[in-house]
Amino acid sequence: MLQTLRNAWKIPDLRRRIIFTLIMLIIFRFGAHIPVPYLSAPAMKQFLGSGTDLFSLFDVFTGGAFSNATVMAMGVSPYINASIIVQLLTVAIPSLERLAKEGLEGRKKINKITRYLGIALAFIQGAGLYVTLLNMNANMIENGLGPAITDTSVLAFFTIVLTFTAGTAFIIWLGELITEKGLGNGVSLIIFAGIVSRIPSAAYGVYNVAMGGGAITPQGLLLIAAVVVVVIAAITFVVFFSDAERRIPVQYAKRVVGRKMYGGQSTNIPIKVAAGGVMPIIFASSIMAFPATIVRLLTGGNMPTSGLGHYILGCLSAGFSSAWWTSVVYAVLYALLILFFTYFYASIQFNPIELANNMKKSGGYIPGIRPGKPTSDYIGKISSRLNLVGAFFLAVIAILPVIVNAIFPGMTGLQIGGTSLLIMEGVALETVRQIESQMTMRHYKGFLE
């Protein structure tokens, strides 16, 4: 990877793209420290609390911009939600499905719809956050932290909500600029930058736990070594399974058109083990965190500390309850949801019947399998088995932080979870692949020479 970046830096055009990308990411990080008028940063930190709902995921993706009450507090989460909604509606609405099949122009129109829907969702989420923080004003004053919102007028409402919305719109614009004039997918790189910015604080949290309030001990050194080994093993595990694929051989029959013969070549259909990437984890974590998010919005941040409601939320939120059995129930439910959404997302993205029909039209067949329905059944069976393996892989990665916290209590500062790890690995590998393809295009001289 470092060698690829070093070689790309030697090419003037790629060097300009790399510098432009870095400048845009620096601007993003600078904007993540501009405060929102009439809003208290301590209120946002108290609002996050133990970090068991969707807002905590926002904070990780924005690199702490949410907990610091800055203009980019919403990050690209509304845009991601809009992308998921539009992607699901593409299957259900024929007009959107036709746009998706129209090539570049259709994708431009879908991106435009996604952009506007993301900004609308940012306004709605900002308004909901304002109402919740407004309900926290009394509790904040009682605790001696001052009001969450210093001005409750209508002007302050629109100022705060529109500032949140403008921050999200600006991030979307930055992402599109990076995609067009920089390297890699802009929105993905912005999320990557936000997650990476939390690594120093996470490392410092591990160090504080290892110190135990005094000088570092052999047990503390063992703890640090164990965390390093777990992180390296997790990264290796993620890279291996992200690139793993099953290749189905395909043979094309020879055919004569006029005086020329076509076909006869052999190829393969690559089916990835983790075809859905991080999407099943995002769907599952959103469903699991939804009840805690609703409770926090309705109660103004006052989460139940005992009773049935406390244990129910403990079964749906990692680390919310101290009872060990709630963590076990959480891990099982989380794994089952990941399994469900892995198959659900694969059914949307991969259609064995359409693939088999296209192969039949082009004269292709799988050796030993009859064309048509037997081919689609064969591909569907292989895809189903791979989805099971991929779901198990995603579940292990997603539950890994829960296991680490169970073995090493107090590791709440380690906020680089399975979802973050998958996102960082996927963005890094995809960016390197794009750099390599750009280098190949610039070094290829063509057969005429």
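A crossing of two helices is called left-handed if the near helix is turned anticlockwise from the far one by less than a right angle, and right-handed if clockwise. With that in hand, look at helices α5 and α7: α5 passes α7 in a right-handed crossing. Helices here are DSSP runs of H or I with at least four residues, strands are runs of E with at least two, and both are numbered from the N terminus.

Please keep in mind that this is a predicted model, in which local features need pLDDT of at least 70 and side-chain atom pairs count only at pLDDT 80 or more, while totals for chains, interfaces and linings use all residues. Residues are numbered from 1 along each chain as its sequence is written, and side-chain values use heavy atoms, with hydrogens and water left out.

Now for the whole chain. The protein chain has 18 helices and five strands. Of its 449 residues, 41% count as buried, where buried means under 20% relative accessible area with a 1.4 Å probe, protein chains only.

What does α7 meet? One partner is helix α5 (residues 77-92), whose axis comes within 8 Å of that of α7 and crosses at roughly 130°. That makes α5 oblique to α7, because angles under 35 degrees count as roughly parallel, over 145 as roughly antiparallel, 65 to 115 as roughly perpendicular and the rest as oblique. Axes are lines fitted to C-alpha atoms, for helices over the stretch in contact, and angles run from 0 to 180 degrees between N-to-C directions. Residues of α5 including Pro78, Tyr79 and Ile85 meet a set in α7 that includes Ile110, Gly118 and Ala122; contact means heavy atoms within 4.5 Å.

Another partner is helix α9 (residues 154-181): the axes of α7 and α9 come within 9 Å and cross at roughly 145°, in a right-handed crossing. Ala122 is among the α7 residues at this meeting, and the α9 residues include Phe157 and Ile160.

Finally, visit Thr431, found in helix α18 (residues 418-443). Is Thr431 buried or exposed? Thr431 is buried, with a relative accessible area of 15%. Leaving aside neighbours within four places in sequence, Thr431 is in contact with Gly184 and Leu189.

Note on methods: Buried means under 20% relative accessible area, exposed over 50%, partly exposed in between (1.4 Å probe, protein chains only).
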